[in-house]
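Hi,

Here's the structure I said I'd pass along. Have a look at it first, then read my notes below.

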Amino acid sequence: MVASTTNTAFPRFQAEGISFITGSEWNPNEDTYGILPFIYGTLVTSFIALIIAIPMSLGVALFLTEYAPRWIRRPVEYAVDLLAAVPSVIYGLWGLLVVLPWLIRPVEEFLAKILGWIPIFAGPTTGVSYFAAGVILAIMITPIITSLSREVFRTVPMGDRHAAYAMGATRWEMVKEAVLPRSRAGVIGASMLGLGRALGETIVVAMLSGNRNEIDASLIRAGSSIAGKIANNFAEAGKDQIEALVGMGVVLFVITIIVNMAARAMVWRFARVR
Amino acid sequence: MRYFKRQEASVQGFERWTGVRTAPGSGLVGARLSGRRLWRNRSRTILIGAAVAITLFPVLWILEEIFRRGGSAMSWEFITSSTPFSVMKSGGGFLNGLVGTGMMVGLAAAISIPLGTMAAVYLVEYGKNNWLAKVIRFFSDVMTGVPSIFVGIFIYTILVKPEQFTYSALAGAAALAIIMMPIIVRSSEEMLKLVPNELRDASYALGAAKWQTVIKVVLPAAAPGMTTGISLAIARAGGETAPLIVTILGTLHLSTSLFGPNTALPLLIYTQAGQAAEAAQARAWAGALELLAIVLVFTIVARVMSSRSRISQ
């Protein structure tokens with residue numbers, strides 16, 4: 001796979017050299033292909049998604065394993081599974097036509113008004129942005145992180161929990177002292193897998209990021225990502241641009257492989273320390 | 001430390017509210033909690049409840065919108081006719097997408113199910129832990145983490161090729177098959193591992209050869225569980241959009257040819273949703289309802305099958 005794609009993209013790699021990755025100008029009319037804005041967009045949207053999704057997922061996973069009475073556990077599990085089953089294009093449609101005008105845009109305008117003096121919240125905003133894509137990505141990766149963390153929490157022995165209670169711990173103290181420390185490696189691994197999914201997610205970013213070819217320090221203004229750019233431009237691209245887009249795909253592949261390797265290395269290290 | 005006595009009933013109320021466990025039947029609550037610990041415990045409970053509420057809210061919201069907007073745009077015409085060429089025109093439907101999705105997912109399943117099953121059988125029954133089995137396991141692990149758009153690009157470079165412009169349903173099916181393979185291999189492997197060795201030994205004791213044992217004993221025993229993985233793979237492939245953008249191009253015609261450009265339900269939703277025209281957006285919502293229904297059917301089949309296989313164990 002890597003050989004075939006790299007081979008196709010090779011003329012672009014050769015023509016651009018290192019500036020293919022470090023260049024921030026993407027201009028097919030002048031045959032300039034720098035993909036830094038898209039690498040930036042991929043990383044920024046994924047990190048926004050992670051920052052939102054991790055606390056939510058851990059909350060739901062703790063609720064399911066430690067807090068919920070039996071009768072409510074099943075419906076919540078089904079709901080989370082349902083969230084995982086919805087195809088990404090439906091999230092894109094819903095995000096673009098419903099969440100964006102009703103929730104994300106007002107929030108962005110509020111942020112621009114109150115915190116506009118901070119560069120990352122500088123306005124004016126048109127709605128579509130890194131932030132908008134990140135929020136929908138967060139909803140998409142929550143089920144993965146939740147179900148994996150839930151499995152991890154379940155592996156904590158009941159005896160540890162009882163021991164914590166026997167010491168007079170409150171429920172939260174039990175969670176903090178008995179459940180979380182034992183699960184750290186697994187939770188990091190789960191989050192990394194969620195990150196991997198967010199990095200490669202295409203449709204939602206293509207629909208909600210605004211498809212702009214520049215780096216913008218403001219999170220509430222339009223940008224793009226590698227996968228989003230490929231999806232938006234592939235159909236109407238000429239030969240040179242197609243080669244550049246394929247080259248971007250190779251870069252995305254390398255990034256996701258690095259993340260997955262890092263996830264494994266981290267899980268392995270924590271597992272050994274424990 | 002101060003201790004205080006309480007009635008059993010109020011102890012239960014106290015436990016429920018603070019999350020503190022007391023020794024059953026003692027009538028004594030342990031050390032009274034300091035305000036800080038009490039507040040911490042209670043605030044964390046509230047935060048966790050809030051996380052659950054915030055996570056469940058999108059589920060209800062997305063379902064509500066799809067059923068309301070999709071339901072009002074859904075009609076018999078939508079299911080049985082193709083997309084009009086003008087996005088402004090109302091009416092029409094996604095029959096072209098339904099046919100395209102059916103063809104490509106069907107072909108992808110026809111490729112990936114036998115190959116995936118054979119790979120899983122090899123892993124469990126023949127390879128075990130030899131180098132080839134390790135290589136297969138490693139690659140199917142890596143494959144699950146590869147972005148689907150990259151799979152599409154790969155197929156583009158070998159089947160479509162720049163400048164030759166041979167976008168085809170065949171290429172789309174190939175991409176979907178690659179996406180389905182690792183799901184089928186890993187889930188089938190787990191299921192085959194669950195088949196008890198006594199069954200295999202019994203078969204050998206009757207004089208059966210290894211291949212007879214695999215085909216007549218092991219596979220039937222694992223079949224319900226393997227169906228679960230296959231259903232999930234089909235549901236996943238049916239909802240994929242990204243790899244199709246770069247392999248089948250997307251048309252508005254109804255096409256039954258494997259070798260020409262084609263379209264698919266998710267692809268039509270994607271292109272119509274991006275239009276400003278109300279009519280196109282209405283079609284996108286109806287398409288979302290149709291796609292979600294199809295995906296959920298396969299997901300539910302997977303659930304039912306997995307619970308059934310658990311019963312048989």
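A residue is called buried here if 20 or more other C-beta atoms lie within 10 Å of its own. Keep in mind that this is a predicted model.

With that cut-off in hand, take A:Asn233: it has 20 other C-beta atoms within 10 Å, so it counts as buried. You'll find A:Asn233 in helix α10 of chain A, which covers residues 226-233. Setting aside neighbours within four places in sequence, A:Asn233 is in contact with A:Gln241 and A:Leu245. A:Ile51 is another matter: 182 residues separate it from A:Asn233 along the chain, and their C-alpha atoms are 29 Å apart.

Next, a helix pair in chain B. Helix α6 (residues 148-160) packs with helix α7 (residues 169-194) at an angle of about 135°, and the axes are 9 Å apart. The two are therefore oblique to each other, and the crossing of α6(B) and α7(B) is right-handed. On the α6(B) side, the contact is made by B:Ser148, B:Val151, B:Gly152, B:Ile155, B:Leu159 and B:Val160. From α7(B) come B:Ala171, B:Ala174, B:Ala175, B:Ile178 and B:Ile179. Sorted by type, the residues of this contact are 9 nonpolar and 2 polar, with no charged ones.

Last, where the chains meet. Chain A puts 54 residues into the contact and chain B puts in 56.

Cheers

Technical notes
Residues numbered from 1 in each chain as written. Chains lettered and ligands numbered in written order. Predicted model: local features only at pLDDT ≥ 70, side-chain atom pairs only at ≥ 80, totals over all residues. Axes fitted to C-alpha atoms, helices over the stretch in contact; angles between N-to-C directions. Helix = DSSP H or I, 4+ residues; strand = E, 2+ residues; numbered from the N terminus. Parallel < 35°, antiparallel > 145°, perpendicular 65-115°, else oblique. Left-handed = near helix turned anticlockwise from the far one by under 90°. Contact = placed C-beta atoms within 7 Å. Nonpolar A, V, L, I, M, F, W, Y, C, P; charged D, E, K, R; others polar. Buried ≥ 20, exposed ≤ 12 C-beta atoms within 10 Å, placed from the backbone.
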